Structures are given as structure tokens and as C-alpha cells.
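Reader: I have the sequence and the coordinates open. Take me through the terms you use, and say what each one rests on.

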Amino acid sequence: MSSPRVLFAHERPVVRGVVEHVLSKVGYSVHSVAEGLAARRALQRERWDALVCDVALPEIPGYELCMAAKSDPAH
């Protein structure tokens, strides 16, 4: 059985590191990115069990990423 996959998007490296550490400790497989464009590409390339993102991401705001993920029939 594989771990649930989480895409995490946040601009600050320290925040990404802490969230990756905490989620990994409780059994999640975490991939983190620093900006909205990278998050959108990851959403288009792969299937994720969850998306966690900052609303104030550079390039594409987090709320737009969430709306895109929700409207994609593949997700």
C-alpha cells in the first residue's frame, strides 16, 4: 500500500521543510514547490491525493490552483 501523495506549495523554504517533515512523519509522501506555476505543472503531470498551498504564491495564487484542481475531471 502506498502513502497518500500531497502536493505542497509555499514560497518560503523553511515552511516547506517543516511541512514536509511533519507530513512525512505521519505517513504522507510530500512533494513541495515554491511557486504557483510549478504547482500547476505538477497538478497537470501527476495525480495527487491532496493539494496544500499558500494563497499568496508567486505567479499563480493558491486559490486559483485549488479551483483548477477541483474542476479537473482527472482529479
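Author: This is a predicted model. Three strands form an open sheet, ordered β2-β1-β3, with parallel pairing.

Reader: What makes β2 and β3 the edges?

Author: Each has a single partner strand, so one side of each is left without a neighbour in the sheet. Neighbouring strands here are turned by 20 degrees against each other on average, direction ignored. Helix α1 packs on this sheet and touches β1 and β2. The direction of α1 makes about 170 degrees with that of β2.

Reader: How do you know that β1 pairs with β2?

Author: Two strands pair if there are at least two bridges between them. Five bridges join β1 to β2, residues 29-33, so the pairing holds. The two strands run parallel. In β2, S32 is the bridge partner of F8.

Reader: And how do you know that β1 pairs with β3?

Author: The requirement is at least two bridges. Four bridges join β1 to β3, residues 50-53, so these strands pair as well. They also run parallel. L7 has L51 as its bridge partner in β3.

Reader: Why is the unit of β1, α1 and β2 called right-handed?

Author: The word describes the path from the first strand over the helix to the second: clockwise, with the strands pointing away from the viewer. The unit made by β1, α1 (residues 13-25) and β2 is a right-handed β-α-β unit.

Reader: What makes β1 mostly covered?

Author: Buried means under 20% relative accessible area. Four of the five residues of β1, residues 5-9, are buried.

Reader: Why is P61 called partly exposed?

Author: Buried stops under 20%, and exposed starts over 50%. P61 has a relative accessible area of 21%, so P61 falls in between. Its place is in the loop between β3 and α3. The C-alpha atoms of P61 and R41 are separated by 14 Å, and these residues are 20 apart along the chain.

Reader: How do you know that the buried residues of α3 lie on the same side?

Author: In α3, residues 62-71, the buried ones are G62, L65 and A69. They cover an arc of only 55 degrees around the axis, which puts them on the same side of α3. The face turned away from that buried side carries the exposed residues M67, K70 and S71. What covers the buried residues includes α2 (36-45) and β3.

Reader: What makes up the largest nonpolar core?

Author: A nonpolar core joins buried residues through side-chain atoms within 4.5 Å. The largest one has 13 residues. L7, A9, V33, A39, L43 and L65 have the most contacts inside it. β1, α2 and α3 are the elements that give two or more residues to this core. The largest share, four residues, comes from α2.

Reader: Which residues does A39 touch?

Author: Leaving out residues up to four places away in sequence, A39 touches L7, A9, V33 and L65.

Methods:
Residues numbered from 1 in each chain as written. Predicted model: local features only at pLDDT ≥ 70, side-chain atom pairs only at ≥ 80, totals over all residues. Heavy atoms only, no water. Buried < 20%, exposed > 50% of the residue type's maximum accessible area, 1.4 Å probe, protein only. Axes fitted to C-alpha atoms, helices over the stretch in contact; angles between N-to-C directions. Contact = heavy atoms within 4.5 Å. Arc of directions from axis to C-beta.
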